[in-house]
Amino acid sequence: MSSDPLMQVQNLTVDYVTEDGIARAVNDVSFDIAKGEAFGLAGESGCGKSTVAFALARLTRLPGLVSGGQITFDGEDVLALTGQNLQNYRWNKVSFVFQSAMNALNPVIPVSEQILDVIEAHKAGDAAFSRARAIEMFELVGIHPDRLDDYPHQFSGGMRQRICIAIALCLQPKLIIMDEPTTALDVVVQRDIIDQINELKNQFGFSILFITHDLGLMIEFCDRIGVMYSGELVEVNDAKTIFTAPQHPYTIALGKSFPPLSGPRVRLEGIRGAPPSPMNLPTGCSFQPRCAKAIDVCATKPANLEAQSDGGLARCHLLNP
Amino acid sequence: MQFLLRRLGFYLGAFFVAITLNFFIPRWMPGDPTTRIILAMRGRLRPDQIDAIKESYGYGGTLWEQYWIYIVKLTQFDFGISTTNFPEPTSTLLFYSATWTLLLVGLATAIAFAMGISMGIYSAWNRGGFFDSLFTPINVMLNAFTPAVVALLLFYSLSLEWGIFPLGRAHALDVFPEWSFSFVINILYHATLPVLSIVIVTFGAWHLGMRNTMINLLDEDFVILAKAKGLSDRRIRYRYVARNAILPQVTSLAMSIGFVLGGAIITEIVFNYPGLGKFTLSAIQARDYSFIQAQLLLLTSTVLIANMVSDVLNLILDPRLRTGGQH
Amino acid sequence: MTPPDISNIAPSQQALMKELGVKPRPKWLRNLPIGISGLLTNKKGLAGAIIMTAIILCALFAPLIVNHNPFRIAGSPHIRPGAEHYMGTTRLGRDVFSQLIYGARTSLTVGFIAGIASTVIGLIVGISAGYFRGKVDEVLTFFVNVVLVMPALPLIIVFAAYIEKATPMLIGFVLAVTGWGWAARTIRTQTLAIRSKEFVLAAELGGEKKWRIIIMEIFPNMLSFIVGGFVLATIYAILAEAGLEFIGLGDPSAVTWGTMLFWAQRSQALLTGGWWEVWPECIAIMVTGAALVMINFAVDEITNPQLKAGRNSGKVKKYLAKRGRSVDVF
């Protein structure tokens, strides 16, 4: 892996402008994704990970607003892209895989058209070339090219997700953002898809931003993981360390809430309370009301994301006094 | 195909309900049509003559016998003898006037649908812009005007006051009906205001329906994906959003025919247009029951056929209905 | 990691609100139940509600406002609007203004009652079909579809032809009986959607009686649809009633907006230049219809907040442009 990160996110802040006030969905998030790396973004529902993903892909929808921060991809300022440059960025450099493949595919047009239209939108070439490429992508994900002209509802859930992956790959992007790609699938199919993604990643060398709330899955699949809580990154480290030696109280509590597959039965511990309202973020640490190890300063001063001794980052007063 | 068969079953069922209603309503009401005639004769009829009259109007025999005869006659398109145009069979006048009404309804629906849908697409895409803020409420409010009022106003202003359009009828009296270009133009000229009345009152619904459906679709994953793919604005608008949004509109199209027919009937009366409306009105005044009942059956069948056409359209447009497939 | 670029740090939430120029709703507004607060803030809905209230008040206080008896001949026929007769007299000598205000009473009453009746029928049928499902649903849906498909006016014409004198109330009854289809269908769809939600399942498992579940759990979630359906049904009833009376299917001796039109047409008021006999009731019908439609708009937007036109897109774009960001948002 070369030293220059592929994607650099600095102080990203995303707000939602509502008639009752401003909801801060993402609060000062910073992380890097290296070339060929699988970076995971973990956290509970509503913590802002999807919002980060959409911001990176320039898909932030009104009333959402990227109110601060910088996103750099391969040296380009993503948030300033317009017109033709934005078109080039879309799908060519960064593509997206959604959670529900059934909803991600247009139900009334054949699947072939859905993969051909993106090829034709970006690459001037004749129809034969585009079609050949589509067939190639289908074979890559293990779907028979004969089915190219079928409609989305004629495929099973797993196959549909594979079609979405094929579409995501067809322009050979450098980064693929996957927002909960396997959450809607059953466990067996999940395994299939993850294996397939891994294989393709090794073959083509693209980076992945992998978003899920399934920490276990993420630890297996990702190289590095960032844990988000209430719109902030609370810990970033490589997967192994997050699993064996989590540092932030939230990460530790998350780990404790997963039942172990083997070994003696342990008492499951949930995390009491609920995340703070994004309309009114607290002055101190966001996790403080639910933290078992909170100290006085936690309620009054927000913590900063600082580098730790093992190379990771963490946002906690206990770790960064 | 199963889908179509099921729908056909429903239509036959609905038609059956209509026929039955048609049969029973007159028999529920106090008195029967024959009483009038008998009274008019001031009791100078012999019993067997009274029976004969009752028989010819379908009131002879027991209820079941009447019903059976009624059904049999229907299959032969025998709607009875018209009292207004005695002894012409009702069917002659019925089919003649129905043709004109269907011309109005057909033209009006096609124009209103095309107008409304295009405006709806534009409004949805430029949500909150000038066109949307101004025209969406206006068009929908037009929808809330009764066709009687609109027809009257148009008639008063454009036909009466300013004489731009004719005062009525389907075509000028001195023009011989034939399949010539000038005749067709003449027909269209006379049909303009009636069609306009109906269009004004109906296109708002299509506008709003299409706009709202499209706006709801904008949150769907596949639309966001289309945007993420970097597809042209045009392609997303038509091939992704509108193409999906039109499906429920096609379904409501069939349901709206019944309503449009009602509006057409009222409009015809204002414009003295020789359609079902005008003749039904005179039939009511003359108590021509066979005509009145016949028009219900004819219009019901028209609506059912329109529904069938809409189902076929749905089948063509929505691949999910065609092939069974997994979900 | 490269040091952060400070120039693009986001302002705090409060500062951002100020910069965008977005003011939050006042607190008292936020504490109202969602329906009322939605209606008050929605400009269209508010306008519609005000107009409607004005019309209803006029109708209620009719005896105080009018100065002539609308049912009897009040003066010479065909007088132009003036001091004695605010809107002139009809070709038969009745005072148009009095007829208009009294007509409002009947037209509105019939409209509202027919609207309520068809909404109630639609509600009962819709909830039953949606909640009990199975055979009950199949049978009920069949009838709903039949009612939806049956052309209303021709059917009403058949009814009216056999009824010698169709009073406005009778017309209202027939309209209710033929117009409940749409409400039933919408409510059924909603019931099906809510029914499968977990809190209903929980109530069932807890042993709550079926009717209690329907009233306490399912019903409150459909309020906006029911209100919307009611407004639509009322619009339909008022307009249809006017239309029916216009073509002569009503009771000519009644005083409603529709019968006013009927008599105007009958006595050829337009052809003889008597515009004052035609325009008042036309405008009354149009304004009432428009007011109800605007209320319906508001109900739609409360049910489905996506439909609201304004999303502060202008303010957002200005903010982005100021910071040198791309304004390409959607």
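Guide: Welcome! Helices here are DSSP runs of H or I with at least four residues, strands are runs of E with at least two, and both are numbered from the N terminus. Please keep in mind that this is a predicted model.

Visitor: What is phi of A:Trp91 near?
Guide: A:Trp91 also sits in a loop, the one between helix 2 (83-89) and strand 6 (94-97) of chain A. Its phi is positive although the residue is not glycine, with a value near 65°.

Visitor: Let's move to the chain contacts. Which residue of chain B forms a salt bridge with A:Arg61?
Guide: In this pair the closest N and O atoms are 2.3 Å apart, and A:Arg61 is joined to B:Asp219. A:Arg61 comes from the loop between helix 1 (49-56) and strand 4 (64-73) of chain A, while its partner comes from the loop between helix 8 and helix 9 of chain B, so the pair joins two chains. The residue you asked for is B:Asp219.

Visitor: How far apart are the closest N and O atoms of A:Glu113 and B:Arg235?
Guide: Chain B and chain A have 5 salt bridges between them. A:Glu113 with B:Arg235 is a salt bridge too, and its closest N and O atoms are separated by 2.8 Å.

Visitor: How many charged residues are on the side of chain B that touches chain A?
Guide: This interface has 14 residue pairs in polar contact, counting those with both residues at pLDDT 80 or more. On the chain B side, helix 9 (221-228), helix 10 and helix 13 (319-322) each give two or more residues. By class, that side holds 10 nonpolar residues, 7 polar ones and, for the charged class, 12.

Visitor: About how much area do chain B and chain A bury between them?
Guide: The contact draws 29 residues from chain B and 29 from chain A. Carbon and sulfur atoms carry 57% of the buried area, which comes to about 2500 Å².

Visitor: And about how much area do chain B and chain C bury between them?
Guide: Here 54 residues of chain B touch 48 residues of chain C. Of the buried area, 78% is on carbon and sulfur atoms, and the total is about 5000 Å².

Visitor: One last stop: which helix supplies the largest share of the nonpolar patch?
Guide: The patch covers about 790 Å² of surface, and among its residues are B:Leu5, B:Leu8, B:Met308 and B:Ile316. B:Leu8 lies in helix 1 of chain B, and both helix 1 and helix 12 supply at least two residues of the patch. The largest share, 6 residues, comes from helix 12 of chain B.

Technical notes
Residues numbered from 1 in each chain as written. Chains lettered and ligands numbered in written order. Predicted model: local features only at pLDDT ≥ 70, side-chain atom pairs only at ≥ 80, totals over all residues. Heavy atoms only, no water. Contact = heavy atoms within 4.5 Å. Buried area = accessible area lost by both parts, 1.4 Å probe. Patch = residues over 30% accessible without salt bridge, like charges linked within 9 Å, V, L, I, M, F, W, Y side chains within 5 Å. Areas by Shrake-Rupley, 256 points an atom, 1.4 Å probe, with all protein chains shown as cover. Salt bridge = Lys/Arg side-chain N within 4 Å of Asp/Glu carboxyl O. Polar contact = N/O pair within 3.5 Å; in protein donor to acceptor, adjacent residues only side chain to side chain. Nonpolar A, V, L, I, M, F, W, Y, C, P; charged D, E, K, R; others polar.
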